Amino acid sequence: MAMPTRDQVSALLGEIQDPELHRGLNELNMVRKIAIEGTRVTVLIALTIPGCPLKDYFHTVIPAKLTQGYPDIGHVEVELTSMTEQERQALVGGLRKDTPGPFARSDSSTQVIAVGSGKGGVGKSSTSVNLAVSLAKLGYSVGLLDADVWGFSVPRMLGIHERPTVVGDMIMPPEMFGVKVVSIGLFTSEDNPVVWRGPMLHKALQQFLSDVHWDEPDYLLVDLPPGTGDVSISIAQFLPGAAMVIVTTPQAVAEKVAQRAGFMAEKTGLVVAGVVENMSYFTGDDGKRYHIFGEGGGAQLAQRLQVPLIGEIPLNPRMRELADVGAPIVLQDPDSDAAQALERTAKELVNLLPAKPKPAKRISLPLLSMGAEAGHAHAHGH
Ligand SMILES: Nc1ncnc2c1ncn2[C@@H]1O[C@H](COP(=O)(O)OP(=O)(O)OP(=O)(O)O)[C@@H](O)[C@H]1O
Ligand SMILES: [Mg+2]
């Protein structure tokens, strides 16, 4: 009979990742005891927070991993405890070293894309959400920061209602459809709006970048509030390397939007990389395209800014209906004209702003398929 040694058990446990922190259990100092008696293995795991919703995950994934490695194991007992406040602080300190205002560092491997517009209601948030989900569908790791602190709409559009988990003072962003999301809306309710003033706002945005465990995604999309206010300027300060994409509508007076975008670029120092035209046309039942809001606004703006027009998204009532129930159209109705246009735009975005190469700084071992599923289900909060 081949029973593993404690070191062998430890090595296998090290291959299991905490689904929220994305680090191995050994690296996170979560394994507290390994006992082997006959064919019985007992492990004690210290969770980062008491009552952590990951209990089921560990009860499933640990026995599966160990018995897969050593089929002669008869029974795996998983005991759970939780870390002391001190241990939690030490862990957070360790994680934070990885992320000191991570996106501002010159060696950051995240391509940050701020999505802005000259005016409100042009579909900035819808575009940000669907592009983020499309990038995730293409296999990229994606974060989405809702920087529209007054008019946040990202949580609703993605159907996220749970508060983020906080470990020590690090915020674990909830993940939906493969996109990690942070929004003021996750900390407050839509009918209880926040009244922020300058310095507080600046601080809140800074925290959303430095105290959130984003884990260096390939892309971080930032849904800016409309216009050229304080928020955009703060964001630009924290994200000096960000590119900006301007969403506009066909009827927008290119001259005016270009002026605003130019002003924004000047004030923030962000470079405009491209233009997306939204609500470009509507396809009737007769198959004809109707240019309800006029024609050419996006192309004109792109020309004026001397950047490419990277997408023309048609008007499609499904896009709004689905957004209202938290189901992005690129997932829910991928064959629709709007979804196809959004996915094409995401690919254009990748061509224009390729993902940066990842440093080979840590090996992330794949979880067992079973474990990955359990982790997935948890992350989606179902
Ligand atoms: N292509 C489209 N087809 C149909 N409806 C759309 C389309 N784009 C956006 N909408 C709808 O238009 C409304 C405004 O869109 P959205 O909230 O994305 O705009 P915004 O620019 O982020 O607005 P704000 O300036 O308020 O942040 C939403 O109800 C959205 O569902
Ligand atoms: Mg918006």
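Select Asp 148 to begin; the residue belongs to the loop that joins strand S5 (142–146) to helix H5 (154–158). Helices are DSSP runs of H or I with at least four residues, strands are runs of E with at least two, and both are numbered from the N terminus. The structure is a predicted model, in which local features need pLDDT of at least 70 and side-chain atom pairs count only at pLDDT 80 or more, while totals for chains, interfaces and linings use all residues. Residues are numbered from 1 along each chain as its sequence is written, chains are lettered from A and ligands numbered from 1 in the order in which they are written, and side-chain values use heavy atoms, with hydrogens and water left out.

Is Asp 148 buried or exposed? Asp 148 counts as buried because its relative accessible area is 8%. Buried means under 20%, exposed over 50%, and partly exposed in between, with a 1.4 Å probe and protein chains only.

Then show Asp 223, Pro 225 and Pro 226, which Asp 148 touches, leaving aside residues up to four places away in sequence. A contact means heavy atoms within 4.5 Å.

Keep Asp 223 on screen and select Ser 128. With the same exclusion of residues up to four places away in sequence, Ser 128 touches Asp 223, Val 115, Leu 144 and Leu 221. Ser 128 is part of helix H4, and it is buried because its relative accessibility is 0%.

Next, select ligand 1. Which helix gives the most to the shell around ligand 1? That is H4, with three residues. Among the 17 residues around the ligand, the nearest are Gly 121, Lys 124, Ser 125, Ser 126 and Pro 314; a residue is near if one of its heavy atoms lies within 4 Å.

- Gly 123: a polar backbone atom lies 2.9 Å from a ligand 1 oxygen.
- Ser 125: a polar backbone atom lies 2.8 Å from a ligand 1 oxygen.
- Asn 278: a polar side-chain atom lies 2.9 Å from a ligand 1 nitrogen.

Ligand 1 alone exposes 630 Å², and the protein buries 80% of that; these areas come from the Shrake-Rupley method with a 1.4 Å probe.

Finally, show the whole chain. It has 13 helices and 15 strands, and 51% of its 382 residues are buried.

Terms used
A polar contact is a pair of N or O atoms within 3.5 Å; within protein, one must be able to donate a hydrogen and the other to accept it, and residues adjacent in sequence count only if both atoms are side-chain atoms.
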